[in-house]
Amino acid sequence: MGQYWKRIVVAGIGVELLYALYVYFLSTTDLVGYKPEGLAVAFILFALGGFWAARPAQAQRLVIGVAVGIVGTLFYYAISMPTLLAGEMEFPLMAWVNHGLKLAGGATGALLAGRFTTARA
C-alpha cells in the first residue's frame, strides 16, 4: 500500500478542495454541508476520489478508500485549525455525519474500483 500514498493524499486533498468549492461558492443555500444535498455531494465526491486512488491497486482497496476519506477529513481540520483554536467554530452532529460519509464514500469508490478492474480483466 505504500506506493499508493501519493494517490491517496492527492485524492483526499483534491476532493476536499472540490467539496469546499461547492459548499462556499457553488451552493445557493447556507450551511449546505449539513443538509442532505451537501451530504450527498460529499459522499459522491469522496467515492470518486476513492475510485481514482484505488484503481491501480491489486489489494487493500478498501483501506486505500478509507484513507482517502481520512486524509480529506484531516485536511479539513488542518485548514480549520485557526478558527477552531479561536473558539469560533462549532461541530454539530451533522458535521460528524458529514465526515463519516467522506470515509464511507472513499470506501465505496474503492470497492467499485475493485469491481470494475476485475470485470475488465
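A: Helices here are DSSP runs of H or I with at least four residues, and strands are runs of E with at least two, numbered from the N terminus. The model is predicted, so local features need pLDDT of at least 70 and side-chain atom pairs count only at pLDDT 80 or more, while totals for chains, interfaces and linings use all residues. Residues are numbered from 1 along each chain as its sequence is written, and side-chain values use heavy atoms, with hydrogens and water left out.

Gly109 lies in helix α4, which spans residues 93–120. Gly109 is buried, at 1% relative accessibility; buried means under 20% relative accessible area, exposed over 50% and partly exposed in between, with a 1.4 Å probe and protein chains only. Contact means heavy atoms within 4.5 Å, and beyond its neighbours within four places in sequence Gly109 has such contacts with Ala47, Gly50 and Phe51. Its C-alpha atom is separated by 7.0 Å from that of Gly49, 60 residues apart along the chain.

His99 is also placed in α4. This residue is buried, with a relative accessible area of 8%. Residues up to four places away in sequence not counted, His99 touches Thr73, Tyr76 and Tyr77.

The axes of α1 (residues 5–26) and α3 (residues 61–85) come within 8 Å and cross at roughly 50°. That makes the pair oblique, the class left over once angles under 35 degrees count as roughly parallel, over 145 as roughly antiparallel and 65 to 115 as roughly perpendicular. Axes are lines fitted to C-alpha atoms, for helices over the stretch in contact, and angles run from 0 to 180 degrees between N-to-C directions.

A nonpolar core is a set of buried Ala, Val, Leu, Ile, Met, Phe, Trp, Tyr and Cys residues joined through side-chain atoms within 4.5 Å. The largest one has 20 residues, and Ile8, Tyr19, Ile64 and Val68 have the most contacts inside it. Helices α1, α2 (36–54), α3 and α4 each give two or more residues to this core, and α1 gives the most, with 6 residues.
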